[in-house]
Amino acid sequence: MDLTQKFTTNWALAELLVTEHREFLPTQQSPPDSVVENLKQLSIHVLQPVRDLVGNPLHANNGYRCEKLNEAVGGATNSQHMCEGTAAAADIIDSTDGNKILFEKICRSTIIFDQLIEECCDVNGVPAWIHMSYDHVKQNRNMVLKATITGHHPNGSPIFGYVQVDRKPVSSS
């Protein structure tokens, strides 16, 4: 498998397979073809349009997670990070303008996505990352959520609570 394959101008497979949990690297770096296709569609339809929108380099701190990695980090059993079916997700960071501005720009855009989630906000309301997902077959919900940590699993990973917020896209005309 060519981990350096580029899906778009600014997004490649390798950066959507990263993990800090080194024990999962062999599995992470050899995903099924269906996962690669889902990540490609996420890159084409969501990640690259967001990159073009903001004009800044973005990076993914989390993309595909194999089942065991998803369990290790306390991910939902139906997490779109596992890229099952026809969906995929990535958590992205804007180190230039910041994640709050990134979230607001995406909310005002007309980019189609399944979920946009502002996650792990600090005391000033700045999210640690922005979760974005996309399904290349099913209708995307354009669901905008804010996640807060409501507790912790026995392994220390956070439990999230979600609140839906309105999306107010600005017309491009």
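The legends below describe close-up views of one predicted protein model.

**View 1. The whole protein chain and its order of elements.** In this predicted model, the protein chain has four helices and six strands, and from the N terminus on these elements run α-α-β-α-β-α-β-β-β-β. The C-alpha atoms of the protein chain fill a box of roughly 45 × 40 × 30 Å, taken along the principal axes. A compact globule of 173 residues would have a radius of gyration near 16 Å, and the value of 15 Å for the protein chain agrees with this.

**View 2. The inside and the surface of the protein chain.**

**View 3. The largest pocket and its lining.** The largest pocket has a volume of about 870 Å³, and its lining is made up of 29 residues, of which Arg65, Gly75, His81, Glu119 and Phe160 lie nearest the centre of the pocket. The elements that each give two or more residues to this lining are strand S1 (59-62), strand S3 (115-121), strand S4 (127-135) and strand S6 (158-165). The largest share, four residues, comes from S6. Sorted by class, the lining holds eleven nonpolar, 13 polar and five charged residues.

**View 4. Gln80 and the residues around this side chain's position.** Gln80 is found in the loop between helix H3 (67-72) and strand S2 (87-93). With a relative accessible area of 17%, Gln80 counts as buried, because buried means under 20% relative accessible area. Not counting residues up to four places away in sequence, Gln80 touches Ala87, Ala88, Ala89, Asp114, Gln115, His131, Ser133 and Arg141.

**View 5. His21 in the segment before the helix H1.** His21 lies in the segment that comes before helix H1 (25-28). The relative accessible area of His21 is 29%, so this residue is partly exposed, a class that lies between the limits of 20% and 50%. When neighbours within four places in sequence are left aside, His21 is in contact with Leu69 and Val73. By contrast, the C-alpha atoms of His21 and Asp52 are 30 Å apart in space, and these two residues are 31 residues apart in sequence.

Terms used
Residues numbered from 1 in each chain as written. Predicted model: local features only at pLDDT ≥ 70, side-chain atom pairs only at ≥ 80, totals over all residues. Heavy atoms only, no water. 1 Å grid on protein atoms, 1.4 Å probe; cavity = no way out; pocket = protein on both sides within 12 Å on 5 of 7 lines; lining within 4 Å. Points joined across faces, edges and corners; volume = space filled by probe spheres on them. Nonpolar A, V, L, I, M, F, W, Y, C, P; charged D, E, K, R; others polar. Rg over C-alpha atoms; globule rule 2.2 N^0.38 Å. Buried < 20%, exposed > 50% of the residue type's maximum accessible area, 1.4 Å probe, protein only. Contact = heavy atoms within 4.5 Å.
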